[in-house]
Structure formats: structure tokens, C-alpha cells
Amino acid sequence: MARSLGITSLQILGAVRDGISYGLDIVARTRLPSGTVYPTLGRLKKSGLVKARWEDQRVAEREGRPRRRYYELTAEGEEALATGAARVTIIAADLQPNATGT
Amino acid sequence: MSLRLASACVRFASILVPGDRRREWVEEWRGELAALEAERAEGGVGLPSAIGFSLGAIPHGFWMRTEGWTVDGVLQDLKYSARILRRAPGFTAVAVLTLALGIGANASIFSLVNGLVLRDPAGVVEPDQLVQIARSYEEAPRWDNFSWPAMESIALEERVFSGVAGFQDFTFVVGRGSETERISGELVTGNYFEVLGIQPHVGRLLHPADDLEPAAHSVVILSHSLWTTRYGSDPGIVGQTLAIGATPYRILGVAPPGFAGIQSVGTSPRLWVPAMQLAALSGRSPFDSWGSSWINVFGRLQEGVSFASAEAAMPIVSTRLRESNPVNDGMVVVLESGVGLDPEGRREARQISVILLLIVGLVLLITCSNVANLLLTRAAGRRTEVAVRAALGARRMRLIRQMVTESSLLAALATVLAIPLVYGAGRFLPALFPYAVSVSLEADVRVYGFLILTGIVAGFLFGIAPAWAISRRDLTGALREGSSTSGRGKTRLRDALVISQLGLSLGLVAGTALLGRSVRNATTAEPGFQPGGLVAGVISLEPTGRYNEAEGRALYRQLIQDAQRAPGVRAATIANQLPIAGGHSRGSVRRFGAPEDQRFEAEYVVIGPNYFETMGIPLVRGRALGGFDDEPESVVVINEALAALFWPGDEAVGQELEAQGVTWRVVGVVENVQMRSLRSPAQPAVYYPFAHVYGSQMALHLAGSAGVAPPLSLVRSLVAEADPELPVSQVYNLQNAMTASMGETRTIGFLVGAFAALALTLAVVGLYGLVSYGASQRVREIGIRIALGARHRSLVRLILGRAMLIASGGLALGVVISFGLGRVLESLLFGVAPSSLGTIAAAAAILMVAAGIAAWLPARRASRVDAAVSLRDA
């Protein structure tokens, strides 16, 4: 893994892992601004942590709306999320006021 | 609705996305927006968050564009741009200076708006919870202050207000003898500082216990500025005394730095004294009087009470006030959120702000189009360079990026250069502003934020044209042709820019002319009295503590007698207020026998003998008021407006009216006088004889012989002769005061005039540049024409014709802008129509003459070309 992921990326990866696959829903879940979520998704896609797929054209046409793009976690994404989450847990523990620091 | 706005946003952002990925990008966003709309239909998402969501498309698009950019690439662009700009120092200097002016003007005006309207008063805790409280009337809405008992009654509403406090401006006469100084301050209720949450800088501030009994609390709080300037920041100040009038006041403490009351305009208060001291300072003790309204009231809302629910509770308060005293009949209590400016002040400030921002916005547009023009000219000259870079493999996108970097660098330099301008404006603007600005206008984070934003917008505005021009150019063609000729179509963009510059500057020139005519009209206006030759000075007996009513009367009588004997004085009198110069007061009057609720607040003017003669106010019917001893009965003179209001169609002379519990007989009617300002119509007025109504603060009026104003010093010397220690607070030349009352118009006229001159210069330089460039591109053609025998005159006409076409375009656009700007300025105009054709025609003539000269010079030069030389060189 190249660089450790930031909190924003982890939040978004977490949402995608939980099956929240559309950008709009990720915005709702993470409460991050849409101007942050979409570029981050783009970056995650580029580094291969998420895949983007188009929904079936026929489904969209049947419902009379444009088709939507959804995101899925790749195996690398799963791994990066696990590593990142562990790291965040350690940091969170360090930040507790009663942490001894040992 | 929201979907349309959202798709517009996405469509706009899609411009940023690289072409090869744009379709996919747009499709994804379209899908998301459709889903968002579906959720909105179910009521899941509010409109603001939906708009917020779709705005995210802009940073997303921007990210797509810059995704592949490396730091090295951007740095390389920057270095290259810096080198290019350094190589053309003349161009860089002109562009950066022009832009800095445009950007600096915008940020400076914004700092004014920021200080007056947007910024909260210094030191106040949670200003959002503060409300201004005023009385209004159902039949005649207004914004007015309260009587003391009314304020106390409002404060009872403890479910709404956690505290209610009051203040009133007061000018204190400080020090003794020759060191007497007048210091403006405020009389404030004991809880004033507590309600605001102000913390002392030194010592302590006032407590409610400091304001319990009339004339019993000789204590004072100093402002930080008074403490530093008068006492050299003496830390041991607490406990020292300050003589106000004849009484020593104990200094309790110093207010924090920057705190200057809660009003944004007016003189900054420099000391605060308990309101109950009014009794000691002026001899008036209106603390039990419902009829005397004098204190400005504000309150802090209880925790958790919203402004709307506070407003909803006011009818209860109004009812209680009406039931308390018949004076309050018809009164309604109104609220305004926040402090700083009352609603009328806010409206005025907003209006002036809009006008100023609009004007500086126009100036910014002109400067941007000017720099865009310069860049386009350079771009034309750099076509070979660009073509070479393209031939060497630079992608078009890369070239545009280079141009954009150059524009950004220019904008950044201009923004940095604008910072000292804005800083300077913070000091310079308050002096220019028609009101005394009591708040600091120094730039804060918000002003610098605005400055940077303006810089970015400007960079975008002037950078987009040349980048677009480059991207459309046939690059290989340029390389082949060299740089000597250029098709006509290519200059169309520059034509458009010059046309818009000419149009905008015509608008500004016309605006200046309208404002200038208004100021001139004001100097010759006839407000119902003869301002020419009148001077006046305000005398306050109370602060000296040495005059009772009989002695006061004797002094004023002496003053008038002395004044009438002074050389150059035609007539002299006294009155309690000066028309237009300010200090207007009103009193409640009622037609005798009319029901109690038919009271009317008329102008309240107390006058000495010969008032109408001195002021040049014509008597219409009846007689004027007599001298000190000639009016044993209670008689008044009224103006035509009150006569028409109370006795329409009837003879007013001989009728009776009731005011201050006295019945007055009307003995005369005079013409209406505009007491307030030239722009507000005359109000009904009652003139009371000084013989019956004593006032300790009166203004001595002198009318000069033959309309020549006596020197202002005469007022002071007359008073000094009568009593050397008697202070004369303000001295006015009424003609000048009247002109000064048009201060806003003059200030804005001055600003618009300065900007118009700048704009016209830029536009004319732009036109000159365009014609010179056009002519230089046609040197070969001109040479051929000359060789074929064309005359100079026909050549000049050939080149001038096109220039005049452009100027006419600018003229047409400018007329439209002039009409629009005239409408915006309407409230500031006086005696001139906002769409005055004569004014616009005069402005248009100025523009055409300037344009003609700017075009004729290069045209003449081009027509003198030596045919042989031009053909050989071209």
C-alpha cells in the first residue's frame, strides 16, 4: 500500500463496504460535502480500492430515469479499510485522556 | 425547480471536465440528480441541502481537470509565466496597476459595507440575541425612542427579555475655564454594559445600583480612546475625578478597546454616565413623564427565545403601555434584530452600499476588459511563439493552461498590490463618508477574503478571453503566415471589449453628471426660508450651572440686542432648532376640542422676536409673534401644512390648539419650511413664542445685510462678550449646512466622478490601442492604396469609420447603462430626473469627442505612411 488513507477516505470506504453504493447515499451517510465525496471516490477508484459500475440500462429505462453509477469495494479496498481502521483505533486510544502512552 | 438549477450547475461544471471523460461524468451526475429529485419528492431532502449537493459538481469537475497535474508541471508553468511577464515590464506594470485599482476599489467599498452593516460591535457578547426596541403607531409607522416609564414597562416582560437597557447621546462639557472641552458620550442605564456583556478594561463598569436616583450618581466610565489620549493610559485612573459642567465625576473604569457604543454611525461616544444624571446635566428630570420620549431602548432575548416569538409577545407589551397612559394611544412596540443601525439607517446604508458596490463592480468590469484587451493584443503578437510550441508537441490544453497561469499570476500580483490600497481606504473612507462613522473600518478576515475572491473572479474574467482565443486559433496557419497580417474576424472579441468599456464609462460619466447637477441644485434650492446670509450658533446654558430661567431670559435678550447692533447684521433672533442643519424636535398637538386620540406630532419650534423676518419666511395670514414683553397671551404661529391638516378650508387664524396642557390661539400662518432635509417634504409645524416656552439651549441666528453672511466668529465673539465662559457648541453657515446636507450625493458623486474619469481613460486608451493595432495590421493595404493615388483624407476616413462604428456601439450600450444607473441613483438625486436626456446627451458628447480624438490620432499617423517603405517592410 502506497500511502495511509485519511479519515475521509476511510469513512467513504466504510460506507461502500456497508453496501451504500451510490454517491448521493454516501453523502447522506458520511455527512461529507458532495464536493469532497466524488473526487475522493475518483481517487479511490484510480488507486484500485473501489470499482465503479453502471447499473443495468434496462432497469433504469423501465423506471423512466437515467442509469446510475455505483461503487463496490475491491479486495485491495477491503484490506486498506481494515488496515486503516486498525490504525485509527490505535490513534483514538492514544487520544484518550487517561492513556498512559506506554 | 431545484432540478433545473441543479442541472444548470452540473452543466456549468462539465466545462471543467476534460473532453474525453465528460460524457461519462455528466451521465453519473444526471443519475444522482434524478435520484435526489425522487428523494425530494418524498420530502426526504430540503432545498438547501439539495442545492448544496449539486454545487459539489463544481469541485468535482475541477478535480477531474486538475487530476493529472503534477506539482512540477504547475511550477514549470509558473516559472515560464514569470519569465514572460518579466520580459514585458511595461505591459506587466500597466496590467497589474489597472487590476489592483479595480480590485482595491471593490475591496475598499466592501470594507465599508462590512464595517457598517455586517460586523458586530466590538466586545459585545452574543450579539445575535440583541434586539432594538422602538415605538411605532398603527396609522403612521415609524421608528422612535421611548419615555423612561415606557422602557421600564417593557423591561417587565421577563419571559422575553433577560435585560432591557437604554442610552441617549449626550455632549458633555468637560473641564473648567479655558480648558473646557466638549466630549460626546452617552447617558446609559445602569445595566447597559451588563446587557451587552461588556467587560471592563480597567476598574469596573456601571451597575444598576449606579442609576437609581435622579442626579445622585456622579460617576463616569471612560472609553479606551479617551483613557489613552487624555490620561496617557494611566493605570491608576480609577477613583480620579473628571469635571463635567460644575460637578466632579468619579471615574469608575475604562471600557475595552474598540467599544464605541452600539451605533455604527454618529459620533463615537467617549464617555458614559448614568442616565439618571440627565437631571443634573440638563435640569430635566423626565423619569416619571410618559410624554417625554428620549431614550433609545434595546434588549437581550432570554435564552431559547427566538426573534419571532419575541415579536409575537410584543402586542401584550403594547397593550400594557396603552393602558398605562393615554399618551400611548395607538402605540405599537416593534423590534429589529441586532444592533448597529436602526431600520431606517439600515435601509439607507444598504442603499448606499448597493450603489457603491455596483459602481465599483462596473469599474472592475472595465479594468478586466482592459487587461483582457492588452492580453489579446499580446496574444496576437505571440502567435508565432505559441505555434512553435504547438509544433514542438505542446497539447492545446497545455497551452491554455499556460495562458491561465499567466493570468492568475497577474491577478495574484494585483491582489497583493491592492492590500495597501484597502488598508489605506480604511483610514480614508470614513472622512469621505457623509456620516460620522463610529465603527472601525479596518480590514478584517472578511475583507481580505473578499479581496482574494475578487482577485480570483477578476483573473477568471480577463484570463478567459485570451485563453479562448488561443484555443480556437489555427496554429499551423499562424506559423506559416508569420505575424504580419491578421484576419478581421479575429479582432471581433477586442471590438466587443472596447464597446463594453465605452458603454460602461458612458454610464459612469452620465451618473457623475446627474449627481453633480443634484449638488448644484441643492445650493440654489428654496427650502421655504432664505439660507443666504444666515449664520447660527448653539448655546447651552445648563452645563455652566449658573443660569436660572430669569437669568437665561435676560442673557438671550441681551444677546439679540447686541447682535442687532453689530456691523453687517440685518436682523437677529433665537430659536430652539435650525432648519436642515439638524436638531429637529417634535411636540404633540391637538386641535382644541378634538378627541384625545386625534393628537399629531408637529415640528416644535420655539422662536424669539423677529424670527420670520430674520429667516426670510413669508407670513401668509395674520401676524408674526412679538418680542419678549409683547405677548401676554398664549399665542402661536403655525405653518400652512398644519393649517390645512387641522382646519382644511377654514381660516386658521383665531382658532385654538392644545399642546403641553396649554391652549394656544393661532395668530398667524407662515409658509412651509423643510426642517429636516431638502429631500423630505415640509411637515406641519407650530412656532411657540420664547416668551412662553423657555429653553436653556437655543441657537442664536444672525442674518447678514444684503444677503452677505456675517463671519462665523461674530457669533462666538457676541457670546463671549456676554459671558466669556459660555460654550458655543456648533456654529453654522446655513447655506453651507444645506449644501452639506447633500453630503451623500456629493460623496457618491465624487467617487463616481473619479471612477468615471478612470473608466473613460481606460476605454479611450483601449480604443486608441485597437485603432492603432488595426491600422498597423493594414499597413500593406494602406501602402497599396497610397501608391494607387488614394488621398490622406479618404484613408483617415477609412480607418476612422470603423472606430466610429465601435464608438457608436459603445454609445448605444452606454445609453442603456445610463438609464439603469440613473434609476439606481434616484434616491440621491435632487431636482433632476434620473433619465434626464440632456444629461445623458452631454455625457455622450464627451464620450464621442474623447473617442474621436483617440481614433483620429492613429488614423492620421497611418495615412501618412510612406507607400514605398510600407510595401517594402510588409
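**Entry 1: α3 and α4 of chain B**

I began with helix α3 (residues 47-55) of chain B and helix α4 (residues 57-66) of chain B in this predicted model, whose axes come within 5 Å and cross at roughly 10°. Axes here are lines fitted to C-alpha atoms, for helices over the stretch in contact, with angles running from 0 to 180 degrees between N-to-C directions, and helices (H or I, at least four residues) and strands (E, at least two) are DSSP runs numbered from the N terminus. I noted that α3(B) and α4(B) are therefore roughly parallel, the word used for angles under 35 degrees. Looking for the contact (heavy atoms within 4.5 Å), I found F53(B), S54(B) and L55(B) of α3(B) against A57(B), I58(B) and P59(B) of α4(B). The contact of α3(B) with α4(B) holds five nonpolar residues, one polar and no charged, where Ala, Val, Leu, Ile, Met, Phe, Trp, Tyr, Cys and Pro count as nonpolar, Asp, Glu, Lys and Arg as charged, and the others, Gly among them, as polar.

I wrote down how the model is treated: local features need pLDDT of at least 70 and side-chain atom pairs pLDDT 80 or more, while totals for chains, interfaces and linings use all residues. Residues are numbered from 1 along each chain as written, chains are lettered from A and ligands numbered from 1 in the order written, and side-chain values use heavy atoms, without hydrogens and water.

**Entry 2: α5 and α6 of chain B**

Next I looked up helix α5 (residues 71-87) of chain B and helix α6 (residues 89-118) of chain B, which pack at about 100° with their axes 5 Å apart. That angle makes α5(B) roughly perpendicular to α6(B), a term for 65 to 115 degrees. L85(B), R86(B) and R87(B) of α5(B) make the contact with P89(B), F91(B) and T92(B) of α6(B).

**Entry 3: between the chains**

How many residues does each chain bring to the contact? Chain A gives 18 residues and chain B gives 18 residues. The buried area (accessible area, 1.4 Å probe, lost by two parts on being put together and summed over both) is about 1,600 Å², of which carbon and sulfur atoms give 58%. I counted four salt bridges between chain A and chain B, each a side-chain nitrogen of Lys or Arg within 4 Å of a carboxyl oxygen of Asp or Glu. R68(A) forms a salt bridge with E32(B), with the closest N and O atoms 3.2 Å apart.

**Entry 4: a salt bridge in chain A**

Last, I looked at R29(A) and D18(A), whose side chains meet in a salt bridge at 2.7 Å, N to O. R29(A) lies in helix α2 of chain A and D18(A) in the loop between α1 (7-17) and α2, so the pair ties together parts eleven residues apart in sequence.

Conventions
Parallel < 35°, antiparallel > 145°, perpendicular 65-115°, else oblique.
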